[in-house]
Amino acid sequence: MRTINPQQALLLSLAAALTTIGMKTGAWWLTGSVGYLSDALESFVNLAGASFALLMVSFARAPADPGHPYGHGKAEYFSAAFEGVMIFIAALAILFAAGERLLHPQPLGALGVGTALSVGASLVNFVVARVLFQVGRAHRSLALEADARHLMTDVWTTAGVVVGVGLASASGWVWLDPVIAAAVALNILREGWSLMQRSVDGLMDRSLAAADIERIETVLATFTARGCSFANLKTRVAGAMHFAHVDIRLPGDWSVARAHALADEVERAVEAQADARLTTHVEPAD
């Protein structure tokens with residue numbers, strides 16, 4: 001997946017959302033199932049989420065400017081928050097439809113073609129989710145990973161809806177259909193809450209993962225034999241960008257030029273080997 005960039009992956013997600021909207025809406029129209037309606041509504045959330053994610057990912061990758069010297073990487077967190085809000089709205093709409101159907105039960109229509117359409121849409125979402133996961137991890141994109149997680153939630157949602165609607169049809173217990181729809185709503189509410197937590201966590205300048213910090217420390221350790229030591233390592237994540245700051249402690253008799261040259265070398269090494277933008281502060285070891 002190295003040939004696909006985040007914007008191209010999200011365009012693929014948009015195409016998948018439009019395709020599955022048509023397929024799942026057809027499944028609902030053919031069967032009259034509120035469970036299939038809930039599944040179709042979630043595809044509209046996928047469309048809105050992928051559209052906003054594409055906008056935010058493009059903005060996040062704009063180069064730094066005087067007003068944003070550290071870049072625009074945090075824009076991706078707004079995408080995850082937006083998708084979380086859209087999930088909440090869809091879940092409330094599903095719960096409303098399920099409640100109405102519980103109060104006014106209706107028989108289900110023929111499930112054959114409708115179920116086939118729903119299963120086909122789920123397969124489309126599964127394939128696209130795998131692509132988004134791979135590209136998102138390769139580019140450290142929260143927006144892509146959030147979209148991928150939502151699509152996988154959609155896959156499991158569809159599986160539950162198909163089983164539930166099938167049981168309702170086979171048993172004649174039509175109340176199972178809105179109950180399954182309500183369960184779908186509660187499940188996607190959980191996913192929406194998870195996305196909101198991750199976006200807020202990112203906006204609060206969360207530190208790098210332990211493995212990333214260990215890589216930086218390993219690079220720094222290679223310089224200690226040259227008479228320096230390091231202290232007060234701090235890290236933070238801003239979308240796809242990783243930032244770090246560390247104090248370099250040097251012998252007091254070093255010249256400014258020598259200290260500056262070492263600091264530059266340390267920063268370049270960390271950026272090249274640990275993929276983090278490092279800033280340093282030089283102080284005497286004494």
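**Entry 1: annotated spans**

I began with the UniProt record, an unreviewed entry, which places the feature "transmembrane region" at residues 43-64, 76-98, 110-133 and 154-176. I then turned to the model, which is predicted, and looked up two of these spans. Over residues 43-64, I found the chain to be 82% helix and 0% strand. The end C-alpha atoms of residues 43-64 are 35 Å apart. For residues 76-98, I noted 100% helix and 0% strand, with the end C-alpha atoms 33 Å apart.

**Entry 2: helix α2 beside helix α5**

I next asked how the axes of α2 and α5 cross. Helix α2 covers residues 34-60 and helix α5 covers residues 142-171; their axes come within 10 Å and cross at roughly 175°. Angles over 145 degrees count as roughly antiparallel, and I therefore recorded α2 and α5 as roughly antiparallel to each other. I listed the residues that meet: from α2 they include Gly35, Tyr36, Asp39, Asn46, Ala53 and Val57, and from α5 they include Ala143, His150, Asp154, Thr158, Val161 and Val165. By class, the residues of this contact divide into 11 nonpolar, eight polar and four charged.

**Entry 3: helix α2 beside helix α6**

I examined α2 again, now with helix α6, residues 176-203. The two axes come within 7 Å and cross at roughly 25°, which makes α2 roughly parallel to α6. In this contact, Val34, Gly35, Ser38 and Glu42 of α2 meet Asp177, Pro178, Ala181, Val184 and Ile188 of α6. I counted the classes as five nonpolar, two polar and two charged residues.

**Entry 4: the second largest pocket**

Lastly, I looked up the second largest pocket and noted a volume of about 150 Å³. Which residues line the second largest pocket? I found Tyr70, Lys234, Thr235, Arg236, Phe243, Ala244, His245, Arg277 and Thr279. The elements that give two or more residues to this lining are β1 (229-238), β2 (241-250) and β3 (277-284).

Methods
Residues numbered from 1 in each chain as written. Predicted model: local features only at pLDDT ≥ 70, side-chain atom pairs only at ≥ 80, totals over all residues. Heavy atoms only, no water. 1 Å grid on protein atoms, 1.4 Å probe; cavity = no way out; pocket = protein on both sides within 12 Å on 5 of 7 lines; lining within 4 Å. Points joined across faces, edges and corners; volume = space filled by probe spheres on them. Helix = DSSP H or I, 4+ residues; strand = E, 2+ residues; numbered from the N terminus. UniProt positions renumbered as here; feature names shortened; annotations may be inferred. Axes fitted to C-alpha atoms, helices over the stretch in contact; angles between N-to-C directions. Parallel < 35°, antiparallel > 145°, perpendicular 65-115°, else oblique. Contact = heavy atoms within 4.5 Å. Nonpolar A, V, L, I, M, F, W, Y, C, P; charged D, E, K, R; others polar.
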